[in-house]
Amino acid sequence: MDPMNQRPPTRLVDACNRHLNYLRVSITDRCNLACGYCLPEEAVPRLAHAAILRYEEILRIVRVAVRLGITKVRVTGGEPLVRRGVCDFLAELAAVPGLRDISLTTNGVLLTETVERIRSAGVTRLNVSLDTLRPERYRAITGRDFFGRVWEGILAAESLGFQPIKLNAVVLHGVNDDELIDLARLCWDHPFHVRFIEFMPIGRSHFAGKPTLLAPEIMRRIAALGTLIPVPRSEHDGPARRFRIEGARGEIGFISAISRHFCDRCNRLRLTANGQLRPCLMSDCQEDLKGPMRSGCSDDDLAEIFFKTIQCKPSDHHLSVGEPAHVCCQMRSIGG
Ligand code: SAM
């Protein structure tokens with residue numbers, strides 16, 4: 001309750017006065033790739049089907065969230081495109097009144113066959129994970145020989161006019177850091193936003209404990225292509241710092257969760273595939289929405305759970321070099 005007027009709050013504003021208007025929704029913990037930096041060393045049991053939120057449950061949560069000020073939803077996973085019915089779900093999501101921005105994060109493996117339906121569902125913004133341009137290396141990183149399919153899917157999305165198409169590359173020291181320039185050069189030939197992501201030591205991946213290449217060094221290397229000119233932030237910008245380089249059609253971005261925290265302007269909540277609402281990627285604080293919902297709670301009860309969740313949003317995630325995130329979940333189950 002607001003102590004000044006005793007009326008319940010209507011908007012998601014946390015104790016640090018951050019306005020939370022962005023919900024990332026993981027619709028599955030399944031993935032058709034096995035990226036070494038995302039997967040733990042040991043096998044992790046998959047969620048039972050019954051434990052995963054049904055689409056109508058997700059839509060109900062989103063409607064409540066919109067009432068509380070959420071205007072932007074990103075659908076992620078696991079790999080969202082492996083879940084049956086995802087394109088129909090995206091169309092229903094796009095029809096939720098009050099949602100202004102719907103985007104999708106995918107590894108692109110199933111993009112060629114779904115991209116037209118994704119577009120006609122109303123999604124215009126696409127993030128595709130692409131850590132390398134070398135097919136044999138793609139196989140080494142992801143465990144699958146799908147580079148050609150992914151690239152074909154990205155080009156199909158470009159020809160359908162998705163704008164922007166963001167290509168996300170997690171930079172892994174000694175694995176793909178010799179390709180930074182080649183990846184960045186993509187935005188000369190295409191209007192892509194190429195974004196370099198610092199590896200986050202979350203969960204127990206094969207890369208935990210290995211040296212991390214940080215954004216300042218990545219930027220130093222990219223600057224060999226030209227001066228990085230900052231792009232002013234816009235309403236729906238995420239944590240990436242954006243730059244353009246003279247002559248390039250697209251942009252370059254850096255997501256520096258380790259070297260330059262962006263917690264003070266974090267506007268995100270995350271809904272996991274099994275219905276947990278998390279206020280921070282790096283914290284295990286979460287509230288269950290699925291249980292109450294399946295026990296017949298009202299929309300107002302769900303709204304209360306949102307307010308309870310934001311109370312435990314940490315002011316900072318405290319992640320730093322050599323200091324892994326102490327969270328029980330894997331990236332795959334939270335959705336990145
Ligand atoms: N399957 C989809 C995909 O590949 O884009 C969505 C889920 S994936 C977990 C979301 C993003 O998280 C991907 O861009 C992936 O590269 C990134 N990611 C996974 N593990 C990471 C880590 N340890 N550090 C930084 N980014 C990571």
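Which of the 19 residues around the ligand come nearest?

**View 1. The shell around the ligand.** Among the 19 residues around the ligand, those that come nearest are Tyr37, Gly78, Glu79, Ser129 and Met200, where a residue is near a molecule or strand if one of its heavy atoms lies within 4 Å of it. This is a predicted model, in which local features need pLDDT of at least 70 and side-chain atom pairs count only at pLDDT 80 or more, while totals for chains, interfaces and linings use all residues. Residues are numbered from 1 along each chain as its sequence is written, and side-chain values use heavy atoms, with hydrogens and water left out. The shell divides into 8 nonpolar, 9 polar and 2 charged residues, with Ala, Val, Leu, Ile, Met, Phe, Trp, Tyr, Cys and Pro counted as nonpolar, Asp, Glu, Lys and Arg as charged, and the others, Gly among them, as polar.

View 2. The side chain of Tyr37 places an N or O atom 3.0 Å from an oxygen atom of the ligand, and a polar side-chain atom of Ser129 lies 2.6 Å from a ligand oxygen atom. At Met200 a polar backbone atom is 2.8 Å from a nitrogen atom of the ligand. Taken alone, the ligand exposes 540 Å², of which the protein buries 94%; accessible areas come from the Shrake-Rupley method with a 1.4 Å probe.

View 3. The 12 strands of an open sheet follow the order 7-8-9-6-5-4-3-2-1-10-11-12, with mixed pairing; strands (E, at least two residues) and helices (H or I, at least four) are DSSP runs numbered from the N terminus, and two strands pair if DSSP finds at least two bridges between them. Strand 7 (229-230) and strand 12 (287-288) stand at the edges with a single partner strand each, so one side of each is left without a neighbour in the sheet. Strand 1 (residues 22-26) and strand 2 (residues 72-76) run parallel and are joined by 5 bridges, and Val25 stands opposite Val75 in strand 2.

**View 4. A cis peptide bond.** Gln163 and Pro164 are joined by a cis peptide bond, with omega about 0 degrees. Pro164 is found in the loop between helix 5 (147-159) and strand 5.

Note on methods: A polar contact is a pair of N or O atoms within 3.5 Å; within protein, one must be able to donate a hydrogen and the other to accept it, and residues adjacent in sequence count only if both atoms are side-chain atoms.
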